[in-house]
There are 4 protein chains.
Amino acid sequence: MQNYIFELPMEVRDYECDLQGIVNNAVYQNYFEHTRHQFLLSKEISFSELHRRGIDAVVVKVEISFKHSLLPSDQFSSQLTLKKEGVRYVFYQALFSRDNKILHASARIETVILVNGKLGFTPELDRIANEANAL
Amino acid sequence: MQNYIFELPMEVRDYECDLQGIVNNAVYQNYFEHTRHQFLLSKEISFSELHRRGIDAVVVKVEISFKHSLLPSDQFSSQLTLKKEGVRYVFYQALFSRDNKILHASARIETVILVNGKLGFTPELDRIANEANAL
Amino acid sequence: MQNYIFELPMEVRDYECDLQGIVNNAVYQNYFEHTRHQFLLSKEISFSELHRRGIDAVVVKVEISFKHSLLPSDQFSSQLTLKKEGVRYVFYQALFSRDNKILHASARIETVILVNGKLGFTPELDRIANEANAL
Amino acid sequence: MQNYIFELPMEVRDYECDLQGIVNNAVYQNYFEHTRHQFLLSKEISFSELHRRGIDAVVVKVEISFKHSLLPSDQFSSQLTLKKEGVRYVFYQALFSRDNKILHASARIETVILVNGKLGFTPELDRIANEANAL
């Protein structure tokens, strides 16, 4: 059981559903990415601003388990925590129903920091990962 | 090393690239899904037709490794093979540069067949998986 | 100058931006559609529920003027009003900055109601359009 | 009746369809954009390369008429021509069934060229527009 350190209320938009009438699998990556970037913003780190400074957070591996399909107008809570594993910043993420009773999907997202194209790090993320690990 | 049994030539579209100037991670799932559905069509199995008959192929787990970013106008070859593992149909997929020298991304996609919402199977997919395993 | 009858606070998500670093033009249609569907929901009309009952709201014409590009993390207000023009339900929509001082884009979206594939109408929408016209 | 000067064979991908089982309206803008960029590439003009040089083609107005819904696996021909109207480069675009008998959608897309953020032009596009007008 994870201790999530950030939570974003979200809601399914109809255009995100495919011909099966459920949220298309690829859209979950949109949800997870948006949550990571909002988490960073909450720490005053802007993904697009980092990019302009030549610092890119790049996803190297994604694992997603789909448990209960998200349906049109479903409201859910997108949660995450962060661990540093070696040179990688790993996000553990999950989408729960608003009452936390249904797990729609969970994910493990490995990212690295590239500074001008070379493997690097950001002190802010290290600090956040340390704080999260201490919980 | 996989023996892929299906190959689809594809090409990056500019709108699939994000503010980092590379194909957004979620779009890889679009590529993988489209390749699976084209593979099924090549076997005369239509995903949308299955859905109308109450048979749904549903993704339960996705693992994607991102190796070399796809860039605007990149042409690539999307390849797959299929194995049946227990009740699951597992697609092993990869995106290579056209000359097969660069691996952009690889994936393992677990799917199940739901018939009117209950776990089921399709004889056609079983036959295809058997043929692929025999290679 | 329109009198808008519905307003939805929205915010740019990074994955909606393309390699120019601005929101891709197609995404504005996502914003406009989501706003219409949320408007309908606020009137207790569900687009997906209508579809299940054989009633489809279908867009027949779209006109969008792009004024000021939306940028990563921009917060904006998506506003709309509705008029019935002949058999068509026409939505007038606009995206403003939160303080209403910048107009990012405006749109005129013509829709028709198909009931089991034939041109129809819904009393609820007629009532709403009448109320909006009376403002 | 337009004399189209460029044609791109395309095909609907299942993930582009929404819960109505038809291609979502916003996706038509993806089709139109991709066709414009492929057209430019056929003239050895790269949209992403232009962007890196500080030259951005920006859409200022879009008008789309939706005639016959595109369905899963539909194959179609995306066609365009280009006119210069004042400072604007205007693309007239249409999506036809492969036998040209069904018009799925038509569009008029106004674009301007921004050079380092200021209204500009590109000699290549002017030449192409002149050639197209002469047909």
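In chain A, 63% of the contacts with a separation of 6 or more are between residues 24 or more positions apart; two residues are in contact if their C-beta atoms, placed from the backbone, lie within 7 Å. The structure is a predicted model, in which local features need pLDDT of at least 70, side-chain atom pairs count only at pLDDT 80 or more, and totals for chains, interfaces and linings use all residues. Residues are numbered from 1 along each chain as its sequence is written, while chains are lettered from A and ligands numbered from 1 in the order in which they are written.

**Chain A**

Chain A has 3 helices and 6 strands, and from the N terminus on its elements follow the order β-α-α-β-β-β-β-β-α. Helices (H or I, at least four residues) and strands (E, at least two) are DSSP runs, numbered from the N terminus. The radius of gyration of chain A is 15 Å, close to the 14 Å of the globule rule for 135 residues, so chain A is as compact as a globular protein of that length. The radius is taken over C-alpha atoms, and the rule is 2.2 Å times the number of residues to the power 0.38. Along the principal axes, the C-alpha atoms of chain A fill a box of roughly 40 × 30 × 25 Å. Of its 135 residues, 40% count as buried, that is, with 20 or more other C-beta atoms within 10 Å of their own, the C-beta atoms being placed from the backbone.

**Chains A and B**

The contact between these chains takes 18 residues from chain B and 18 residues from chain A. On the chain B side, helix 1 (25-42), helix 2 (47-52) and strand 2 (55-66) each supply at least two residues. Strand 2 of chain B gives the most, with 9 residues. By class, this side of chain B divides into 7 nonpolar, 7 polar and 4 charged residues. Here Ala, Val, Leu, Ile, Met, Phe, Trp, Tyr, Cys and Pro count as nonpolar, Asp, Glu, Lys and Arg as charged, and the others, Gly among them, as polar.

Strand 2 (residues 55-66) of chain A and strand 2 of chain B run antiparallel and are joined by 5 bridges; strands pair if DSSP finds at least two bridges between them. One of the bridge partners is B:Val62, which faces A:Ile64 in this pairing.

The superposition is by least squares on the C-alpha atoms of residues with pLDDT of at least 70 in both copies.

**Chains C and D**

In this pair, 18 residues of chain D are in contact with 18 residues of chain C. Helix 1 (25-42), helix 2 (47-52) and strand 2 (55-66) of chain D give two or more residues each to the side that touches chain C. Strand 2 of chain D gives the most, with 9 residues. In the antiparallel pairing of strand 2 (residues 55-66) of chain C with strand 2 of chain D there are 5 bridges, and D:Glu63 is the bridge partner of C:Glu63.

| Copies | Turn | Shift along the axis | RMSD |
|---|---|---|---|
| Chain D on chain C | 180° | 0.0 Å | 0.0 Å |

In chain D, the C-alpha nearest the axis is that of D:Glu63, 2.2 Å from it.

Conventions. A residue is buried if 20 or more other C-beta atoms lie within 10 Å of its own, exposed if 12 or fewer, and partly exposed in between; C-beta atoms are placed from the backbone.
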